Amino acid sequence: MSPKSSSQTKAASPAREVTLGERLGLSFVVGSASWRYVLAFGAPASVLLVAYYFPYAANSSTANLLIGYLRAYARMAGVVLRLFEQNLAVRGQDIIGRYSLRIVRSCDAMDINILLTCAIMAWPCALRPRLIAAASAIVLLVVVNTIRICTLYYLGLYAPSSFEFVHMEAWPIVILVIAVVLFLTFISKVRPHAAARS
Amino acid sequence: MQQLDRKRALLFLLRFALFLGAFLMPLPWLADAYTSAFDVAANGVLSPINALSHIELQFEPPESIDAKGSWQGQLRIRDDRTEEVARMKLNVRTFSYRPLVTYLALALAAPLSGLSKAVKVVLGGSLLMIGFGMLFSSLPILARFGEAGALGPGPGLAVVTLYKAVATPVVVYAVPLIVFWALALARRAQQPAMEES
């Protein structure tokens, strides 16, 4: 959000660069961000996404670490699902009940976690609010993603014809919108650095 | 966020949801019609590439436009030297249609005033997204070649990683959002600061 100055007037102010977004009436989207911000967000996000999705050799330590993490994620989703499904079991990355799900890379919403965390951490403000916001955002996204896995389990069970649409099209956009709202809420609450305001 | 901004942002979000919901509806004839259009456009892009190689890549559009069609594009790969032919399916909805309509929904939901602005953002951005769609669509094909070792170890790994990273359901939506944001950020003009109060 751009800071306001009551002393600025149309006639007296020096020339100022106006973003296309502002010209298009999209100031609430662009805030006080700049291309420097896009780079500060995009570069680490790209590196982390590549690190996560890299096709590591089977049985390499990184591949085993990722599998361990996905198994833990499956166990966590299984704990929640077992509140409603008594006979549900988790074996490795598989959630096995009346319907079965396998937790693989991207089922953990890691991509949106990376994008949102990098977007928050790149925002030009003090470190503490960024760390708090990033940690809170990750926790919230894990909760939302666990709900997503639970709904997909029941959808697979009771409405299998709509599973694909909800899995591939509806839930991803819901999670993305939640992430955007979280990000906009964060940038509206924090005070930007002086350098970013100028 | 200022009160006015919050209201505008919510209205924007609502309009975006309505447009995207409409675009994602399973409309009759849409699947085959879009797949045909995509196949024709992709063949146009592929023809100069085919001229340089002994491998000919060509999409085969559906024979008819049916009300309940398919989003699976069919890519025909032919080796001129051995005359061997292989076919690959490509989900055009995932790699081209969804990024395009997500961008369109964002652009249409934006409070654009003036026809030229609207044309610039809606048409210009859509053309950009069609290009991205082509790039997206080439990734699963190239990744298949990469996994088979046809691209060499380095480029093969790069393509497979890129494919895995950008072909996830969330990133397919995130790319048009980032393009839209980047377009909105683009600095275009020097003008005196407006009074802000």
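User: Two strands pair if DSSP finds at least two bridges between them. How many bridges join β1(B) to β2(B)?

Analyst: The model is predicted: local features need pLDDT of at least 70, side-chain atom pairs count only at pLDDT 80 or more, and totals for chains, interfaces and linings use all residues. Residues are numbered from 1 along each chain as its sequence is written, while chains are lettered from A and ligands numbered from 1 in the order in which they are written. Elements are DSSP runs numbered from the N terminus: helices are H or I with at least four residues, strands are E with at least two. β1(B) and β2(B) run antiparallel, and the number of bridges joining them is six.

User: Which residue in the turn of the β2(B)-β3(B) hairpin has a positive phi?

Analyst: Five residues separate the two strands of this hairpin. One residue of the turn has a phi of about 60°, and that is B:Glu83.

User: Which are the edge strands of the chain B sheet?

Analyst: The sheet is open and antiparallel, with the order β1-β2-β3. Its twist averages 25° from one strand to the next. Two strands pair on one side only: β1 (55-60) and β3 of chain B.

User: At what angle to β1(B) does helix α2 of chain B run?

Analyst: Helix α2 (residues 30-52) of chain B lies across β1 and β2 of that chain. Angles run from 0 to 180 degrees between N-to-C directions, with axes fitted to C-alpha atoms, for helices over the stretch in contact. For α2(B) against β1(B), the angle is about 165°.

User: What is the handedness of the crossing between α4(A) and α6(A)?

Analyst: The axes of α4 (residues 61-81) and α6 (residues 127-158) of chain A come within 10 Å and cross at roughly 65°. A crossing is left-handed if the near helix is turned anticlockwise from the far one by less than a right angle, and right-handed if clockwise. The α4(A)-α6(A) crossing is right-handed.

User: How many nonpolar residues are in the contact of α4(A) with α6(A)?

Analyst: A contact requires C-beta atoms, placed from the backbone, within 7 Å. A:Met76, A:Ala77, A:Val80 and A:Leu81 meet A:Thr146, A:Ile149, A:Cys150 and A:Tyr153. Ala, Val, Leu, Ile, Met, Phe, Trp, Tyr, Cys and Pro count as nonpolar, Asp, Glu, Lys and Arg as charged, and the others, Gly among them, as polar. With one polar and no charged residues, the nonpolar count is seven.

User: What percentage of chain B is buried?

Analyst: Chain B has six helices and four strands, and its C-alpha trace spans about 70 × 40 × 30 Å along the principal axes. Of its 197 residues, the buried part is 29%.

Notes. Two residues are in contact if their C-beta atoms, placed from the backbone, lie within 7 Å. A residue is buried if 20 or more other C-beta atoms lie within 10 Å of its own, exposed if 12 or fewer, and partly exposed in between; C-beta atoms are placed from the backbone.
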